[in-house]
Amino acid sequence: MLRLVAAGLLVVMAVLAFGGSFGTYTTWSYVSAVDNRVISTTYNGWWAATDQPVEGASEPTAVPDGILLTIGALLAVVAAVMLTLTARRAGDPPGPRLVGVTSAAFLLGTICLIWLGQIISLRDYSSTERNDTYQYTLSVGLGSWLLLVAGVIAL
């Protein structure tokens, strides 16, 4: 019974991590001092996109964290399948447990790195000396929160 509960938690963790990689991590909004238009840049696990790119400026790049989250999610699903297949067997085979712990540690490490990046961005944003000509806003998106829940489940 415990193996089936662990398998279910691994599947939930995998779905949240994979789905969270496509959700928005952060959105930076900037009000242009020249023409008062709002320029927003959204980051997720796969790409960064600017809604109104500034002419001559390069598009922001994002490290594809989605690849690491997908690998961890696939490991979690493999562990869940292994746990389900061995649920009725006597004894406790170490293979499914090892794959499950590895997937949880891999996802937890990746999620911690993503959230540390978020915290550093928020800290840098709040401590940056700004004058009145620039107006920035930063918001944390749904993808970050889904990853946080997946990290708590991984623990």
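1. H1 and H2. In this predicted model, helix H1 and helix H2 (residues 65–85) pack at an angle of about 160°, and their axes lie 8 Å apart. Angles over 145 degrees count as roughly antiparallel, so H1 and H2 are roughly antiparallel to each other. The crossing of H1 past H2 is left-handed.

2. Residues between H1 and H2. On the H1 side, the contact is made by Arg3, Leu4, Ala6, Ala7, Leu10, Val11, Met13, Ala14, Ala17, Phe18 and Ser21. They meet Gly66, Leu69, Thr70, Ala73, Ala76, Val77, Ala79, Ala80, Leu83 and Thr84 of H2. By class, the contact of H1 with H2 has 16 nonpolar residues, 4 polar and 1 charged.

3. H1 and H4. The axes of H1 (residues 2–22) and helix H4 (residues 142–154) also deserve a look: they come within 8 Å and cross at roughly 155°. That angle makes H1 roughly antiparallel to H4. H1 passes H4 in a crossing that is left-handed.

4. Residues between H1 and H4. H1 contributes Leu9, Val12, Met13, Leu16, Ala17, Gly19, Gly20 and Ser21 to this contact. From H4 come Gly143, Leu146, Leu147, Val149, Ala150, Ile153 and Ala154. Sorted by class, the residues of the contact of H1 with H4 are 11 nonpolar and 4 polar, with no charged residue. Met13, Ala17 and Ser21 of H1 take part here and are also listed in the contact with H2.

5. The largest pocket. Its volume is about 380 Å³.

6. Where the lining comes from. H1, helix H3 (94–127) and H4 are the elements that give two or more residues to the lining of the largest pocket. The largest share, 6 residues, comes from H1. By class, the lining has 13 nonpolar, 2 polar and 3 charged residues.

Conventions:
Residues numbered from 1 in each chain as written. Predicted model: local features only at pLDDT ≥ 70, side-chain atom pairs only at ≥ 80, totals over all residues. Heavy atoms only, no water. Axes fitted to C-alpha atoms, helices over the stretch in contact; angles between N-to-C directions. Helix = DSSP H or I, 4+ residues; strand = E, 2+ residues; numbered from the N terminus. Parallel < 35°, antiparallel > 145°, perpendicular 65-115°, else oblique. Left-handed = near helix turned anticlockwise from the far one by under 90°. Contact = heavy atoms within 4.5 Å. Nonpolar A, V, L, I, M, F, W, Y, C, P; charged D, E, K, R; others polar. 1 Å grid on protein atoms, 1.4 Å probe; cavity = no way out; pocket = protein on both sides within 12 Å on 5 of 7 lines; lining within 4 Å. Points joined across faces, edges and corners; volume = space filled by probe spheres on them.
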